[in-house]
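Q: Please look closely at the aromatic packing in this structure. Which rings pair, how are they oriented, and what lies around them?

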Amino acid sequence: EAEVGSVRSENTRETEMDTSNYKVSNQLSSAVRICREREEINLKMSENGKPLSEPLRVFAHEIGSQGQRSFIAATPPEFFRRYMKVPAMTRSFHEVIVEDSPCHLYFDVEFYTQFNPTLDGDELVDELLDNLDLGLNKLLNISLKAEWITELDSSMDLKFSRHLIVQIPGYAFRDSRNVKELIHIIHAPPPSGLGKRCLVVETEKGNTSFIDLAVYNRNHCFRLYLSTKFGKNRFLVPSKRQARQGGDLSA
């Protein structure tokens, strides 16, 4: 996935929709500013004992093969109401993990099968989750539960590719850098880490992590459920085992 900070847009004109719950901009900074302003309003309303308006989130729509994007500041219900009406082949949307903002645990894991012919993707994901369970127990006294985990898959014959989202009830991490710190701790086996096994896969250039660590960079775009990369036909859908557990995420 491309990092938002590297995106360039020729058209910098900002366009706002009718509703305060859905605003579109061609600049990430404008979308983030809109969200920050809503946060400030919510804080003031909370201090005055008034009802809070729903917070906004930042989403990105991939609109070009060179990584061009438009950015959307919207409440999640309003965004997904419109999102689910977008034709499948133009559904190339991401959530922006805004820097310095709280977030859940998330992983982008992948390997190329030609360089890892004996690896089983499900088994490697299970080892990652075992490492995560050990880390959460050691650091936070929390035992990982299956119902907290969402597995989305866009694998093909040449590449295993999966997104994992872990939502721990009542918990959020300070920001993506805080998540990355945990990943480093659970990534390696003792004595340098807490994991049972170092999660390493082979590439054309040598060894690398099964976990794509680039997704924890500032303002990263994390692809959404039912979206594909621009011009591609590989949609993120529930993994087979997620589907067997009841993987309809449309609600």
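**Aromatic packing and the pocket lining**

A: With a relative accessibility of 5%, Phe-93 counts as buried (buried means under 20% relative accessible area, exposed over 50% and partly exposed in between, with a 1.4 Å probe and protein chains only). The model is predicted: local features need pLDDT of at least 70, side-chain atom pairs count only at pLDDT 80 or more, and totals for chains, interfaces and linings use all residues. Residues are numbered from 1 along each chain as its sequence is written, and side-chain values use heavy atoms, with hydrogens and water left out.

Phe-93 belongs to one aromatic cluster together with Phe-59, Phe-79, Phe-80 and Tyr-83. Over the whole structure, a search finds 12 aromatic pairs. Phe-59 and Phe-80 form an edge-to-face pair, because their ring centres are 6.2 Å apart and their planes stand at 85 degrees. Rings of Phe, Tyr and Trp (its six-membered ring) pair if their centres lie within 6.5 Å; planes under 30 degrees apart count as stacked, over 60 as edge-to-face and the rest as tilted. Phe-59 lies in strand β3 (residues 57-62) and Phe-80 in helix α2 (residues 76-83), so this pair ties together parts that are 21 residues apart in sequence. Helices (H or I, at least four residues) and strands (E, at least two) are DSSP runs, numbered from the N terminus. Phe-59 is buried at 3% relative accessibility, whereas Phe-80, at 32%, is partly exposed.

Phe-79 and Phe-93 also make an edge-to-face pair, with 5.8 Å from centre to centre and 75 degrees between the planes. Since Phe-79 lies in helix α2 and Phe-93 in strand β5 (residues 93-97), the pair ties together parts 14 residues apart in sequence. Phe-79 is buried, with a relative accessible area of 1%.

Tyr-83 has a charged neighbour: the charged end of Arg-91 sits over the ring of Tyr-83, 5.5 Å from its centre (NZ of Lys or CZ of Arg must be within 6 Å of the ring centre and within 35 degrees of the ring normal).

Phe-59 also takes part in the lining of the largest pocket, where 37 residues contribute and Arg-57, Phe-59, Glu-95, His-104 and Gln-167 lie nearest the centre. Elements giving two or more residues to this lining include β3, α2 and β5. On a 1 Å grid over the protein atoms alone, a pocket is an open set of points where a 1.4 Å probe fits, with protein on both sides within 12 Å along at least five of seven lines; lining residues have an atom within 4 Å of a point.
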